[in-house]
Amino acid sequence: MNSSTALKTPIAPLIQPFDALLDAKNRAKREHMRLYWGAQLLGWGGMVFIETINYTFYIIGEFSYSYFLYFLYNAIVGVVGTHLYRRKLKRLQIFSEQGATLWISAITQTFILSFLLTITSFIPGIAANFTEFLENFKPLDLLTSTMNWMRYAGVWVIIYYLYQILEQRRRVSEDRMQALHLVKSTELELLRSKLNPHFLFNALNSIKALVSIDPEKSRDAIVKLSELLRYTLNYGSETTVEVYREWEELEKYLALEKLRYGERLVIKKQLDSTLEAHPIPPATLLTLAENAFKHGISKKSGTAEIEIAVRRINKGMSIE
C-alpha cells in the first residue's frame with residue numbers, strides 16, 4: 001500500500017455518506033432539468049406545428065417555407081423568453097403568496113411577458129426592411145400580436161405556477177412530516193431519559209428477589225416504583241414543582257435503591273422545613289441522586305454513604 005492510499009483509506013467511510021447524498025441531489029436536479037427542457041421543446045415545438053398547419057391549410061392554403069421559419073424563430077424566442085422569465089421568478093420567490101394575489105400576479109406577468117415576446121418577434125421584419133415595416137405597422141397590430149402570444153405564454157405561466165404551487169405544498173408536507181418525526185423522536189428520547197432503564201431493571205430485580213422473602217415489603221416497593229414512574233413521566237408538563245413534592249419522590253427513589261444495596265448503603269437526609277414550598281425545576285433532586293449512585297456509589301465496594309441536604313443560605317437555597 002502506498003502512502004497516498006494509506007492516508008485516504010480511513011477517511012473514505014466518513015466521506016461516502018456525504019458523497020451519496022450529493023449524488024442523490026445531483027441526480028434529482030438533472031432529472032428535473034431534463035423534464036423542464038423536454039417540456040419546453042415539446043411545448044414550443046407544438047406551437048410551430050400548430051401554427052404552420054393553421055397557415056398552410058386554413059389561411060393561405062399552401063405551404064410556405066418562410067412562414068415555417070418565422071414560427072420556428074418565434075418558438076426559439078418563446079424558449080429563451082420563458083427561460084429567462086423562469087430565472088427571474090426563482091429570484092423573486094413569489095410563490096409564498098396565496099390565493100388571488102398570486103393569480104393576479106400571474107395574469108399581469110403573462111401580459112408583460114407576451115408584450116416582450118411580441119416586440120422580439122418583430123425583429124425579423126425590422127431587420128429585413130425597416131421602411132416597409134413602418135409603412136405596414138399599425139398600433140393595433142401590437143395589441144393583437146400580444147393577445148396572440150398570450151395564448152402560449154398564458155398556458156406556460158399557468159402550468160409553471162401550478163407546478164410550483166404543488167411543489168411548495170409537497171415541500172411543506174415533507175417539512176411537516178419531518179417536524180412530526182423530530183417531535184416523536186424527541187419525545188422518545190425524553191421518555192428514555194426519564195425512565196433510566198438501569199434503575200428500572202435494578203429495582204425490578206430487587207423487588208423480584210423480595211417477593212418470596214417479604215411479600216408485604218415487595219408490594220410497598222411496587223407501589224413506590226409505580227408512583228415514581230408516574231411522576232417522572234408527568235413532570236415534563238410543569239416548569240417548577242415544590243421542594244416537598246420532589247422530596248417525597250426522592251424518598252421513594254432512595255427506598256428502592258436501599259433494596260438493591262441493603263445494609264451497606266447509609267443515607268443521610270436533611271430538609272429545611274421553611275423551604276418545603278419553594279419552587280425548583282422538576283427532577284432536580286432526583287437527577288442529583290441518580291448521578292450520585294451512577295458515578296459514585298455503584299463504583300464502590302463496602303459501605304457507601306449518600307448525604308442529601310436542602311438548606312437555606314442567606315437569601316437563597318443550597319441543594320447538595
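## Reading the model

Because the model is predicted, local features need pLDDT of at least 70 and side-chain atom pairs count only at pLDDT 80 or more, while totals for chains, interfaces and linings use all residues. Residues are numbered from 1 along each chain as its sequence is written, and side-chain values use heavy atoms, with hydrogens and water left out.

## The chain as a whole

The secondary structure of the protein chain consists of eleven helices and five strands; helices (H or I, at least four residues) and strands (E, at least two) are DSSP runs, numbered from the N terminus. The protein chain has 320 residues, and 28% of them count as buried. Here buried means under 20% relative accessible area, exposed means over 50%, and partly exposed is in between (1.4 Å probe, protein chains only).

The accessible surface of the protein chain is about 21500 Å², and 63% of that belongs to carbon and sulfur atoms. Such areas come from the Shrake-Rupley method with a 1.4 Å probe; for residues, only the protein chains shown count as cover. Among contacts (heavy atoms within 4.5 Å) in the protein chain with a separation of 6 or more, 76% are between residues 24 or more positions apart.

In soluble globular proteins, nonpolar side chains tend to be buried together. A nonpolar core is a set of buried Ala, Val, Leu, Ile, Met, Phe, Trp, Tyr and Cys residues joined through side-chain atoms within 4.5 Å. The largest one here has 26 residues, and Leu250, Tyr253, Phe293, Ile297 and Ile308 touch the most other members. Two or more of its residues come from each of helix H8 (197–211), helix H9 (215–234), helix H10 (243–261), helix H11 (284–295) and strand E4 (304–313). H10 supplies the largest share of this core, at seven residues.

Leaving aside residues up to four places away in sequence, Phe293 touches Tyr253, Leu254, Glu257, Tyr261, Leu265, Ser298 and Ile306. A second, separate core has 22 residues, including Phe71, Val79, Leu102 and Val157.

## Helix H3

Helix H3 (residues 65–92) has 28 residues and reaches 40 Å from its first C-alpha to its last, close to the 40 Å expected at 1.5 Å a residue. The expected span is 1.5 Å times one less than the number of residues in the helix. Among the buried residues of H3 are Phe71, Val77, Val79, His83, Tyr85, Arg86 and Leu89.

## A nonpolar patch on the surface

Phe111, Ile112, Phe115, Leu116, Ile119, Leu140, Leu143 and Met147 form a nonpolar patch on the surface, with about 730 Å² of accessible area together. Patches are made of residues with over 30% relative accessible area and no salt bridge, with like charges joined within 9 Å and nonpolar side chains (Val, Leu, Ile, Met, Phe, Trp, Tyr) within 5 Å. Helix H4 (100–121) and helix H7 (139–195) each give two or more residues to the nonpolar patch, and H4 gives the most, with five.

Leu116 is found in helix H4 and is partly exposed, with a relative accessible area of 48%. Ser145, in helix H7, counts as buried at 16% relative accessibility. Not counting residues up to four places away in sequence, Ser145 touches Thr118, Ser121 and Phe122.

## Salt bridges

A salt bridge is a side-chain nitrogen of Lys or Arg within 4 Å of a carboxyl oxygen of Asp or Glu, and the count by this rule is 14. Arg170 pairs with Glu174, their closest N and O atoms being 2.6 Å apart. These two are separated by about one helical turn because they lie four residues apart in helix H7. Arg170 is partly exposed at 36% relative accessibility, and Glu174 is partly exposed at 39%. Both belong to a network of salt bridges that links Glu167, Arg170, Arg171 and Glu174.

Helix H10 holds Lys252 and Glu249, three residues apart, and their side chains meet in a salt bridge (3.2 Å, N to O). Lys252 is buried, with a relative accessible area of 16%, and Glu249 is buried at 8%. Glu251 forms a salt bridge with Lys269, with 3.4 Å between the closest N and O atoms. This pair links distant parts of the chain, since Glu251 is in helix H10 and Lys269 is in strand E2 (residues 265–271), 18 residues apart. Glu251 is partly exposed at 34% relative accessible area, and Lys269 is partly exposed at 43%.
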